[in-house]
Amino acid sequence: MENIKMNAAIITASDSGYAGQREDLSGPAIREMITAAGYTVVKSLLLPDDRQMLKEAMAQIADHNEACLILTTGGTGFSQRDCMPEATMDVAERLVPGIPEAMRAYSMQITKRAMLSRAACGIRKNTLIINLPGSPKAVRECLEYILPELKHGLEILLGEASNCAR
C-alpha cells in the first residue's frame with residue numbers, strides 16, 4: 001500500500017460552526033487520527049447543514065480525484081437541518097451499508113443513543129465517503145473501530161488488491 005497516495009478530506013457540517021459561533025472539535029479529532037494512520041489530509045471544510053453545499057463539496061473532491069477517502073462529521077441526527085446522509089446518498093454511485101452498520105453496532109455497546117444515527121456511506125468514482133457522528137468522543141470511537149479495515153477496502157477500490165481473502 002506504500003505506493004498509493006492515501007489522501008483524505010474532512011467535511012464538518014455545522015450551522016453554528018460555519019457561522020463562527022462554535023468551535024469544530026470533531027474535524028480536528030478526525031485529522032489527528034487519520035494522520036496517525038498514514039493518511040494525508042488534503043482538504044478540510046467547515047460547511048453549514050446545507051444539502052446542496054455538502055453534496056457539491058463531496059462531488060468535487062471525488063470527481064477531481066482529490067482524495068480516496070472523505071470523512072464527514074455532523075449532520076447525521078434527527079434535527080430538521082441534519083442532511084449529511086441525504087447529501088452523501090445524492091452523490092454516491094454505490095452504497096456501502098456495512099460501515100455505518102458496523103459503527104452503530106459498535107457504538108450501541110457504549111450508548112443506546114447510537115441507534116439514532118442516520119449515518120450513511122457510499123462510493124463515488126474512486127472515493128469512499130463515510131459519515132461519522134458529530135461529537136468528538138463518538139468520532140474517535142467510530143474511527144478507532146473502522147480505521148484498521150478501511151485500508152483493505154481502499155486498496156480494492158483503487159485496484160491495488162484483487163480480493164478480500166486474508
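## The largest pocket

On a 1 Å grid over the protein atoms alone, a pocket is an open set of points where a 1.4 Å probe fits, with protein on both sides within 12 Å along at least five of seven lines. Grid points are joined across faces, edges and corners, and a volume is the space filled by probe spheres set on the points. This is a predicted model, in which local features need pLDDT of at least 70 and side-chain atom pairs count only at pLDDT 80 or more, while totals for chains, interfaces and linings use all residues. Residues are numbered from 1 along each chain as its sequence is written, and side-chain values use heavy atoms, with hydrogens and water left out.

With those terms in hand, here is the pocket itself: the largest one has a volume of about 790 Å³. Its lining (residues with an atom within 4 Å of a point) numbers 36 residues, and the closest to the pocket centre are Thr 76, Pro 133, Gly 134, Ser 135 and Ala 138.

## Who supplies the lining

Helices (H or I, at least four residues) and strands (E, at least two) are DSSP runs, numbered from the N terminus. At least two lining residues of the largest pocket come from each of β1 (7–13), α1 (15–18), α5 (98–108) and α6 (136–157). Helix α6 gives the largest share, five residues.

## Salt bridges across the chain

There are nine salt bridges in the structure, each a side-chain nitrogen of Lys or Arg within 4 Å of a carboxyl oxygen of Asp or Glu. One of them joins Asp 15 and Arg 81, whose closest N and O atoms are 2.8 Å apart. Asp 15 sits in helix α1 and Arg 81 in the loop between β3 (69–73) and α4 (84–91), so this pair ties together parts that are 66 residues apart in sequence. For exposure, buried means under 20% relative accessible area, exposed over 50%, and partly exposed in between (1.4 Å probe, protein chains only). Asp 15 is partly exposed at 27%, and Arg 81 is partly exposed at 42%.

Arg 124 pairs with Asp 63, with the closest N and O atoms 2.7 Å apart. Because Arg 124 lies in strand β5 and Asp 63 in helix α3 (residues 51–63), the pair ties together parts that are 61 residues apart in sequence. Arg 124 is buried, with a relative accessible area of 16%, whereas Asp 63 is partly exposed at 34%. Both belong to a network of salt bridges that also links Glu 93 and Lys 125.

## A nonpolar patch and a nearby loop

Phe 78, Met 108, Met 115 and Leu 116 form a nonpolar surface patch, with about 420 Å² of accessible area together. Such patches are made of residues with over 30% relative accessible area and no salt bridge, with nonpolar side chains (Val, Leu, Ile, Met, Phe, Trp, Tyr) joined within 5 Å and like charges within 9 Å. Accessible areas come from the Shrake-Rupley method with a 1.4 Å probe, and for residues only the protein chains shown count as cover.

Met 115 is found in the loop between α5 and β5 (121–124), and this residue is exposed at 53% relative accessible area.
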